[in-house]
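Subject: Handover of a protein structure

Dear colleague,

Please find below the structure that I am handing over to you. My notes on it follow directly after.

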Amino acid sequence: MYSLVFESIAMDRGLSGIEKKEKAVALLAIADQAQKRSSAGESPLETQTFINGARRELARELPDTKKMEDAFQVSREYQRARDPGQRPGQGI
């Protein structure tokens, strides 16, 4: 039971200051690598594919649960506005 409480608290706060710094450093490293790849003659499509993959992997390693929760809430509000007669999570 207590582990669920701690997980809930951890999810409410999002990234800590240290995690935000780690993420910023990782994003700068991704940008640096993308610049090097572009300068080496890699196609823009290949460079963009690298960037997308690297950012996706970073999101797996350092998930920002606060942003995920915010996105989920916005999605639910959109669904409610689009079809107010049906509650989210309810079948057809």
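Predicted model: local features only at pLDDT ≥ 70, side-chain atom pairs only at ≥ 80, totals over all residues.

Which helix is included in what covers the buried residues of H3? Helix H2 (17–39) is part of that cover.

Residues are numbered from 1 along each chain as its sequence is written, and side-chain values use heavy atoms, with hydrogens and water left out.

Confidence in the model

The pLDDT is the predictor's confidence in each residue, from 0 to 100. The protein averages 82, and 76% of the residues score at least 70. Among its elements, helix H1 (residues 2–13) has the lowest mean pLDDT, at 45, while helix H3 (residues 44–61) has the highest, at 94. Over residues 1–11 the pLDDT is below 50. Beyond near neighbours in sequence, this stretch has three contacts in the model; a contact means heavy atoms within 4.5 Å.

Overall build

The secondary structure comes to four helices and zero strands, and the elements run α-α-α-α from the N terminus on. Helices (H or I, at least four residues) and strands (E, at least two) are DSSP runs, numbered from the N terminus. Of the contacts with a separation of 6 or more, 59% are between residues 24 or more positions apart. Buried residues make up 11% of the 92 residues in the protein. Here, buried means under 20% relative accessible area, exposed over 50%, and partly exposed in between (1.4 Å probe, protein chains only).

Helix H3

The 18 residues of H3 should span 26 Å at 1.5 Å a residue, and the end C-alpha atoms are 26 Å apart, which agrees. The expected span is 1.5 Å times one less than the number of residues. Thr47, Ala54 and Leu58 are buried in H3. They cover an arc of only 40° around the axis, so they lie on the same side of H3; the arc is that of the directions from the helix axis to the C-beta atoms. On the other side of H3, Leu45 and Arg60 are exposed.

Salt bridges

Side chains of opposite charge can pair when their charged atoms come close. A salt bridge is counted when a side-chain nitrogen of Lys or Arg is within 4 Å of a carboxyl oxygen of Asp or Glu, and the count comes to five. Three of them are described here.

- Because they are three residues apart in the helix, about one helical turn separates them. Glu57 is partly exposed at 35% relative accessible area, whereas Arg60 is exposed at 55%.
- Asp70 forms a salt bridge with Lys66, with the closest N and O atoms 3.4 Å apart. Both lie in helix H4 (residues 65–82), four residues apart, about one turn of the helix. Asp70 is partly exposed at 37%, and Lys66 is partly exposed at 38%.
- Glu77 and Arg80 meet in a salt bridge (2.7 Å, N to O). They are three residues apart in H4, and therefore about one helical turn separates them. Glu77 is partly exposed at 45%, as is Arg80 at 36%.

Yours sincerely
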